[in-house]
Amino acid sequence: MKLLSVLILTYRNLDGIYGTLDSVFLQDYPALELILSDDASADYAEKQPRVAAYIEARRTPAIQRVIWVSHPQNVGTVRNMNDAIRASRGEYLFSLSPEDILAHEQVLTHLAETLEETRKETEKDTQKETEKEEDAPNE
C-alpha cells in the first residue's frame, strides 16, 4: 500500500485542528503520515504540545509518521506548503486546513484509488503515444 501524506498547514489556528485530526484518524486507508506545518503562529510553542499529546493519544496504527515543521518567522502559505511537501515521504499528498473535516471514513481510500487509476491510464496513454511515434515513417 502506498503511503499517503496528509499535509495540514497552520497559522494562528491550532485550536481548530482537533476535528480535522479526528476525521483523519477515522480514515480506513492503512498507510498515512501526518505533516503539520506552522507558519510562525505566536502561540505555537504553547499549543503544539497539547496538539501533539492529542495526536499521540488518538492516532491509529494507520498513522505511520507524524512530522512537525515550524517556521520561526512567517514565510507565507506557498513556502509553508513547499516545506511540508519536502518533509513528506508519501507517494500521494492531500492537503487539509484546520477546521476541514473529511466527510466519511473512505475519503482517502477513494482518493488513493482514483490517483492510482489515473496513473495507470496515463502510463497506457504514454505507451500508446510512444508506439505511434516509433511506427511513424521518418521524414
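The questions and answers below concern a predicted model.

User: Is Thr-20 buried or exposed?
Analyst: Thr-20 belongs to helix 1, which covers residues 17-25. Because buried means under 20% relative accessible area and Thr-20 has a relative accessible area of 0%, this residue counts as buried.

User: Which strands do the buried residues of helix 4 pack against?
Analyst: Helix 4 runs over residues 107-135, and its 29 residues reach 42 Å from the first C-alpha to the last, close to the 42 Å expected at 1.5 Å a residue. Within this helix, Leu-108, Thr-109, Ala-112 and Glu-116 are buried. The buried residues of helix 4 pack against strand 1 (4-10), strand 2 (32-38) and strand 4 (92-96).

User: How many Å apart in space are Ala-103 and Glu-56, C-alpha to C-alpha?
Analyst: Ala-103 sits in the loop that lies between strand 4 and helix 4, and with 72% relative accessibility, against a cut-off of over 50%, this residue counts as exposed. In sequence, Ala-103 and Glu-56 are 47 residues apart. In space, their C-alpha to C-alpha separation is 23 Å.

Technical notes. Residues numbered from 1 in each chain as written. Predicted model: local features only at pLDDT ≥ 70, side-chain atom pairs only at ≥ 80, totals over all residues. Heavy atoms only, no water. Helix = DSSP H or I, 4+ residues; strand = E, 2+ residues; numbered from the N terminus. Buried < 20%, exposed > 50% of the residue type's maximum accessible area, 1.4 Å probe, protein only. Expected span 1.5 Å × (residues − 1). Contact = heavy atoms within 4.5 Å.
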